[in-house]
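Please look over the model shown here before reading the report. The text is meant to be read with the structure open beside it.

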Amino acid sequence: CFAFHPHESHFCTLPETLIPLPSALALERAALLPSMETAVNFLMDGAPVIGERVAVLGLGVVGLLTAALLSRFPLAELRAIDPLPARRQRLRQLTGVTAFHPDEAPIAADDDLADLTYELSGNPAALNNAIALTGFGGRIVIGSAARVLLGAAACGLLALVGLWQPVVAAVVLVVLAAVLPAIFFGILRTV
């Protein structure tokens, strides 16, 4: 059986909340269900469109699954970036897509920047790379540690502001990063 209880090694639940797994599904594959669900949610958040240029930064489990799903879309281009050779090689084995080291990624001209970028590296500093790789009017989906640091509200706003321009989004993020902790701790003091 399967249950949605992420980031836990043990939990208690009611039997009716468990989802039976097909007997043909290997347990190794079943263990990937939460990560695949996350990857599917990221695709729905980014809403890739036919003919778009899409970039994925970070090929950990969720990044690899996200890139694998995106490789099935009729995109103009799928760019993947990760510093670890084994992860880049695994993407190539699964999808045929070539991934690059961050220092070796091809530099795109302004008219060849990504329409949609997924920042899934787990490295908050990679948000700058995501912004640099995304063209005017592009979208950025943040699914890594930057989300934890900035808060879900800031990330949601980035997605909205990112529709206008990633540079504006970066400015908004800097402001939110400075303001959100004060608001958050102010709310905690009043409780």
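The report below goes from the whole chain to its sheet, its cores and a few single residues.

**Basis and confidence**

This is a predicted model, in which local features need pLDDT of at least 70 and side-chain atom pairs count only at pLDDT 80 or more, while totals for chains, interfaces and linings use all residues. Residues are numbered from 1 along each chain as its sequence is written, and side-chain values use heavy atoms, with hydrogens and water left out. The pLDDT, the predictor's confidence in each residue on a scale from 0 to 100, averages 78 over the chain, and 72% of the residues score at least 70.

**Overall make-up**

Helices (H or I, at least four residues) and strands (E, at least two) are DSSP runs, numbered from the N terminus. On this basis the chain has eight helices and five strands, which follow one another along the sequence as α-α-β-α-β-α-β-β-α-β-α-α-α. Residues are called buried under 20% relative accessible area, exposed over 50% and partly exposed in between (1.4 Å probe, protein chains only), and 34% of the 191 residues count as buried. By the Shrake-Rupley method with a 1.4 Å probe, where for residues only the protein chains shown count as cover, the chain exposes about 11400 Å², of which carbon and sulfur atoms supply 64%. Among contacts with a separation of 6 or more, 54% are between residues 24 or more positions apart.

**The sheet**

Strands of a sheet pair through backbone hydrogen bonds, either parallel or antiparallel. Here two strands are taken to pair if DSSP finds at least two bridges between them, and the result is an open sheet of five strands in the order 3-2-1-4-5, with parallel pairing. Its edge strands are strand 3 (99-100) and strand 5 (134-142), each of which pairs on one side only. Strand 1 and strand 2 are joined in the parallel sense over five bridges, and Arg-53 stands opposite Glu-77 in strand 2. Strand 4 and strand 5 also run parallel and are joined by five bridges; Thr-117 has Ile-140 in strand 5 as its bridge partner. Because seven of its nine residues are buried, strand 5 is largely enclosed by the rest of the structure.

**Nonpolar cores**

A nonpolar core is a set of buried Ala, Val, Leu, Ile, Met, Phe, Trp, Tyr and Cys residues joined through side-chain atoms within 4.5 Å. The largest one has 18 residues, and those with the most contacts inside it include Val-54, Leu-78 and Tyr-118. Helix 2 (33-46), strand 1 (53-57), helix 3 (61-70), strand 2 and strand 4 (114-119) each supply at least two residues of this core, and the largest share, three residues, comes from helix 3. Apart from this core lies another, of 10 residues, among them Ile-81, Ala-114, Ile-131 and Leu-133.

| Residue | Relative accessible area | Class |
|---|---|---|
| Asp-82 | 1% | buried |
| Gly-58 | 6% | buried |
| Val-62 | 23% | partly exposed |

Asp-82 is placed in the loop between strand 2 (77-81) and helix 4 (85-95). The side chain of Asp-82 makes a polar contact (a pair of N or O atoms within 3.5 Å; within protein, one must be able to donate a hydrogen and the other to accept it, and residues adjacent in sequence count only if both atoms are side-chain atoms) with the side chain of Arg-87, at 3.3 Å. Leaving out residues up to four places away in sequence, Asp-82 touches several others, including Gly-58, Phe-100, His-101 and Pro-102.

Gly-58 is found in the loop between strand 1 and helix 3. The C-alpha atoms of Gly-58 and Pro-102 are separated by 9.6 Å, although the two are 44 residues apart along the chain.

Val-62 lies in helix 3, and beyond four places in sequence Val-62 touches Ser-35, Thr-38, Ala-39, Phe-42 and Leu-120. The C-alpha atoms of Val-62 and Ala-39, 23 residues apart along the chain, are separated by 5.8 Å.

Methods
Contact means heavy atoms within 4.5 Å.
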